[in-house]
Amino acid sequence: MHPAFSIIFFTSAAGAGYGLLALLGLLAPFGLLPASPLFGFAALALALGLVMAGLLSSLAHLGRPERAWRALSQWRSSWLSREGVAAVATFLPAGVFAIAWIALATTGVIAGIAGWITAAMAAVTVYCTAMIYASLKPIRQWANPWVPRSYLALSLMTGALLLNALLGVAGRAAGWSSLLALASVALAWAAKEGHWRHCATARPVSTAETATGLGHIGRVRLLDAPHSEDNYLLKEMGFRVGRRHAVRLRFITRLAAFVLPAALSLGALVAGPGALSGTLALLAAAAAALGVIAERWLFFAEAKHTVTLFYGAGEA
């Protein structure tokens with residue numbers, strides 16, 4: 001698939017925002033986060049700001065953005081519609097949670113219930129986003145359980161790294177937040193490696209022989225192209241990335257999204273509360289952001305739609 005920047009930014013930014021929002025909703029009611037309204041404002045503004053930025057960027061990918069609201073009515077059959085409904089619904093408990101924490105300076109019962117509902121809705125929204133792609137059976141790189149696993153794990157990882165950075169910058173660094181960041185990096189790395197391994201070993205969904213039904217005759221090859229020049233299908237669903245570039249980008253993803261954040265979070269844990277710990281945690285979050293963008297670009301670029309079989313591809 002053609003890697004559109006708007007979708008790359010949407011899935012990266014919104015995923016990080018929902019991950020941070022979920023952790024805030026889960027942890028604040030237990031008293032694990034500063035009760036300060038100022039910290040609550042900064043944390044929720046960052047989380048909701050990333051979510052809003054991601055959602056707005058996704059509208060740029062639509063041919064008629066002004067009609068985006070109509071997609072919400074198809075929630076019975078469309079994961080895209082379910083994602084939109086879940087995204088809108090998440091703002092309701094998030095608003096109650098924000099009012100309780102910021103305006104009322106409390107993270108008690110009301111904030112706790114609203115926070116837990118917010119966390120659940122954030123997870124549901126990220127899952128719906130992942131299922132938009134995992135439900136597309138013509139693309140074998142997407143139609144597998146590793147896609148929602150990696151989406152949820154990467155959202156948790158980026159959210160945990162952002163939370164650790166926020167605590168570090170606020171001078172409230174805690175050992176548990178660095179450990180949470182380390183654990184989430186390990187989980188996301190395992191999920192992503194599992195997805196890559198599945199894509200490398202899974203058998204093609206279809207070949208030129210099965211697509212044409214002529215496999216019993218012998219090997220099928222393209223005699224003449226259906227079009228004299230590229231069309232929409234080839235531009236959007238026949239994107240090709242060289243193996244050399246794919247290997248390089250996977251190395252960048254492993255380094256920036258997993259190795260560096262893990263090392264920097266470990267450094268923040270060892271350094272303890274202070275300016276050094278906050279700086280290391282901030283660098284870990286920044287490195288992960290770059291790594292996830294590279295990972296998401298590869299996620300789209302390496303996907304091969306079965307329609308490419310009719311344009312000369314041997315398998316898909």
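The stops below cover a surface patch, a helix pair and the salt bridges of this predicted model.

**First stop: the nonpolar patch**

Select Leu26, Phe30, Leu32, Val109, Ile113, Trp116 and Ile117 and show their surface: together they form a nonpolar patch with about 700 Å² of accessible area. Helix α4, residues 109-134, supplies the largest share of this patch, with four residues. Leucine 26, by contrast, is found in helix α1, which covers residues 5-27, and with a relative accessible area of 38% leucine 26 counts as partly exposed.

**Second stop: α4 against α5**

The crossing of α4 and α5 is right-handed. To see the contact itself, display the side of α4 that carries Ala123, Val126, Tyr127, Thr129, Ala130, Met131, Tyr133 and Ala134, together with Val147, Pro148, Tyr151, Leu152 and Ser155 of α5.

How many salt bridges does a search of the whole structure find? The search finds four, and the selections below visit several of the residues involved.

Begin with glutamate 193 and arginine 254, which form a salt bridge whose closest N and O atoms are 2.6 Å apart. This pair links distant parts of the chain, as glutamate 193 lies in helix α6 (residues 175-201) and arginine 254 in helix α9 (residues 243-271), 61 residues apart. Arginine 254 is partly exposed, at a relative accessible area of 28%.

Next, select glutamate 302 and arginine 250, where the closest N and O atoms of the salt bridge are 3.2 Å apart. Here, too, distant parts of the chain are linked, with glutamate 302 in the segment after α10 (275-301) and arginine 250 in helix α9, 52 residues apart. Is arginine 250 buried or exposed? Arginine 250 has a relative accessible area of 19% and is therefore buried, the cut-off being under 20%, whereas glutamate 302, at 24%, is partly exposed.

Finally, select arginine 296 and glutamate 295, which form a salt bridge with the closest N and O atoms 3.0 Å apart, and both of these residues are buried.

How values were computed
Residues numbered from 1 in each chain as written. Predicted model: local features only at pLDDT ≥ 70, side-chain atom pairs only at ≥ 80, totals over all residues. Heavy atoms only, no water. Patch = residues over 30% accessible without salt bridge, like charges linked within 9 Å, V, L, I, M, F, W, Y side chains within 5 Å. Areas by Shrake-Rupley, 256 points an atom, 1.4 Å probe, with all protein chains shown as cover. Salt bridge = Lys/Arg side-chain N within 4 Å of Asp/Glu carboxyl O. Helix = DSSP H or I, 4+ residues; strand = E, 2+ residues; numbered from the N terminus. Buried < 20%, exposed > 50% of the residue type's maximum accessible area, 1.4 Å probe, protein only. Left-handed = near helix turned anticlockwise from the far one by under 90°. Contact = heavy atoms within 4.5 Å.
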